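Dear colleague,

I am passing on the structure below, and after it you will find notes on what turned up when I went through it. Please read them with the coordinates open beside you.

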Amino acid sequence: MSINPYESPKGLPQDQQVSPSGTYRAATGLVLWITIFFSAEMGLSVLAGAMCLIEATVFAEYAGPDAVLDTSAGMFYLGYGCLGLLLIPVYITCIVLYCVWVYRANKNARALGALGMKHTPGWCVGWFFVPIANLFMPYQAVREIYQASDPKADLSSWESSHVLPEVG
C-alpha cells in the first residue's frame, strides 16, 4: 500500500479537516482540472509545432516579398491563427490553476500541522511574479511544501526530510 501525501488525514470528512493553522481542503478536483488543461495545452502546443514545420517546408516558396498566397495557404494561416487564439486562454487557465494549487498545497501543509514554514501561501504564488526572484524562489517555496507534506516527517523537523532527486 502506497502512502499518498496529498490525501486528507483520517477521521473528519475530507474537506473539513481542522487544525490550529486552518482547514484542510482536498485538492482532488483541482488536480483533475489541472491535468485536463495541461494535457490540452500540451496537445495544442504539439499541433502548433507541427504547423510550424509544415509552414517551414511546404510554404517556404511564399517567403518572398512578391509572393501571392493561394487559397490553401490562406486557409492554413487562418487555422494557424485560430490555434494561437485557442492556445492563449488555455495557457492562462493553466497558470491560474497551478497558482491556486500551489496556494492550496501550502495551506494544506500548514493545516496538517507543519511548523516553521518560511513561505506563506500568498508568497508561494507571489514569487512567480517578482522579477529575478522568480528564477529561484518558486523552487524553494515548492520544495518547502514538498518537505512539509512528507507523511514520514515529524511536524517540527520536516526541513530535514528527504527530497527526491527529481524535486531537488
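**Overall picture**

Of the 168 residues in the protein, 30% are buried. Please keep in mind that this is a predicted model. Its secondary structure amounts to four helices and two strands, and, read from the N terminus, the elements follow the order β-β-α-α-α-α. Among contacts between residues at least 6 apart in sequence, 54% join residues that are at least 24 apart.

**Helices 1 and 2**

Helix 1 covers residues 28-57; it has 30 residues and reaches 44 Å from its first C-alpha to its last, which is close to the 44 Å expected at 1.5 Å a residue. Helix 2, residues 71-111, has 41 residues and reaches 60 Å between its first and last C-alpha, again close to its expected value, 60 Å. After helix 2 comes Gly113, with a positive phi near 105 degrees.

As for how helix 1 is placed, its residues Leu30, Ile34, Glu41, Leu44, Ala48 and Met51 are buried, and the buried residues of this helix pack against helix 2.

**Aromatic rings**

How many aromatic pairs does a search of the whole structure find? The search gives six. One involves Trp33 and Phe37, whose ring centres are 6.2 Å apart and whose planes stand at 40 degrees, so the pair is classed as tilted, given that tilted is the class left between stacked, under 30 degrees, and edge-to-face, over 60. Trp33 and Phe37 are four residues apart in helix 1, and therefore about one helical turn separates them. In general, an α-helix has 3.6 residues a turn, so residues three or four places apart point the same way. Trp33 is partly exposed, at 48% relative accessibility, and Phe37 also counts as partly exposed, at 24%. Elsewhere, Phe76, Tyr77 and Tyr80 form one aromatic cluster.

Glu144 belongs to helix 4, residues 137-148, and may interest you for its charge: although it is buried, it has no salt bridge, and the nearest side chain of opposite charge, that of Lys118, is 5.3 Å away. What does the side chain of Glu144 have 3.1 Å from one of its polar atoms? It is the backbone nitrogen of His119. Leaving aside neighbours within four places in sequence, Glu144 is in contact with Asn106, Met117, Lys118, His119 and Trp158.

His119 itself sits in the loop between helix 2 and helix 3 and counts as buried, with a relative accessibility of 10%. Not counting residues up to four places away in sequence, His119 touches Asn106, Arg110, Cys124, Trp127, Met137, Gln140, Ala141 and Glu144.

**A positive phi at Ile132**

The last point concerns the backbone. Ile132, found in the loop between helix 3 (121-126) and helix 4, has a phi near 70 degrees, a positive value in a residue other than glycine. Most residues other than glycine have a negative phi. Is Ile132 buried or exposed? With a relative accessible area of 64%, Ile132 is exposed.

Key: Residues numbered from 1 in each chain as written. Predicted model: local features only at pLDDT ≥ 70, side-chain atom pairs only at ≥ 80, totals over all residues. Heavy atoms only, no water. Phe/Tyr/Trp six-rings, centres within 6.5 Å; stacked < 30°, edge-to-face > 60°. Buried < 20%, exposed > 50% of the residue type's maximum accessible area, 1.4 Å probe, protein only. Lys, Arg positive; Asp, Glu negative; His and termini not counted. Salt bridge = Lys/Arg side-chain N within 4 Å of Asp/Glu carboxyl O. Polar contact = N/O pair within 3.5 Å; in protein donor to acceptor, adjacent residues only side chain to side chain. Contact = heavy atoms within 4.5 Å. Expected span 1.5 Å × (residues − 1).
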